[in-house]
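Colleague: Could you walk me through this model with a few questions and answers?

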Amino acid sequence: MADLSQEEWTKQLEADDNAVVLDVRTQDEIDLGMIPNAIHIDIFKGQGFISEVEELDKTKNYYVYCKSGNRSGQACTIMNQLEIENAYNLLGGFNEWQGEVTHNQ
């Protein structure tokens with residue numbers, strides 16, 4: 001796992017053609033907006049989170065975020081334990097996100 005600043009995370013993501021953005025927030029938080037093209041797996045699902053992560057392509061690079069960077073850091077640790085080697089935590093999370101935001105209708 002690597003903790004990346006907003007700038008590092010964005011720069012690395014833009015240059016990565018094997019990237020997947022993963023949002024681990026709750027549905028209520030998702031309703032406030034999310035980073036475009038992110039997939040959503042709520043870390044509070046417990047075993048459900050682990051089950052969904054186990055189904056992910058382990059060859060991809062995962063750029064993980066939550067509201068502040070705490071839960072996404074935990075998610076990256078879990079992902080590493082599940083043999084996903086490349087998980088990058090967004091420090092400051094969605095609270096400090098300066099990039100594009102999309103809203104599900």
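Colleague: Which element gives the most to the lining of the largest pocket?

Modeller: This is a predicted model, in which local features need pLDDT of at least 70 and side-chain atom pairs pLDDT 80 or more, while totals for chains, interfaces and linings use all residues. Residues are numbered from 1 along each chain as its sequence is written, and side-chain values use heavy atoms, without hydrogens or water. A pocket here is an open set of points on a 1 Å grid where a 1.4 Å probe fits, with protein on both sides within 12 Å along at least five of seven lines, and lining residues have an atom within 4 Å of a point. With three residues, the top contributor is α1, a helix (a DSSP run of H or I, at least four residues; strands are E, at least two).

Colleague: How are the rings of W9 and Y63 arranged?

Modeller: Rings of Phe, Tyr and Trp (its six-membered ring) pair if their centres lie within 6.5 Å, with planes under 30 degrees apart stacked, over 60 edge-to-face and the rest tilted. The search of the whole structure finds five aromatic pairs. For W9 and Y63 the centres are 5.8 Å apart and the planes at 80 degrees, so the pair is edge-to-face.

Colleague: How many residues apart in sequence are the parts that W9 and Y63 tie together?

Modeller: W9 lies in helix α1 (residues 6–15). Y63 belongs to strand β4 (residues 61–65), so the separation of the parts in sequence is 54 residues.

Colleague: Is W9 buried or exposed?

Modeller: Buried means under 20% relative accessible area, exposed over 50%, and partly exposed in between (1.4 Å probe, protein chains only). W9 has a relative accessible area of 0%, so W9 is buried.
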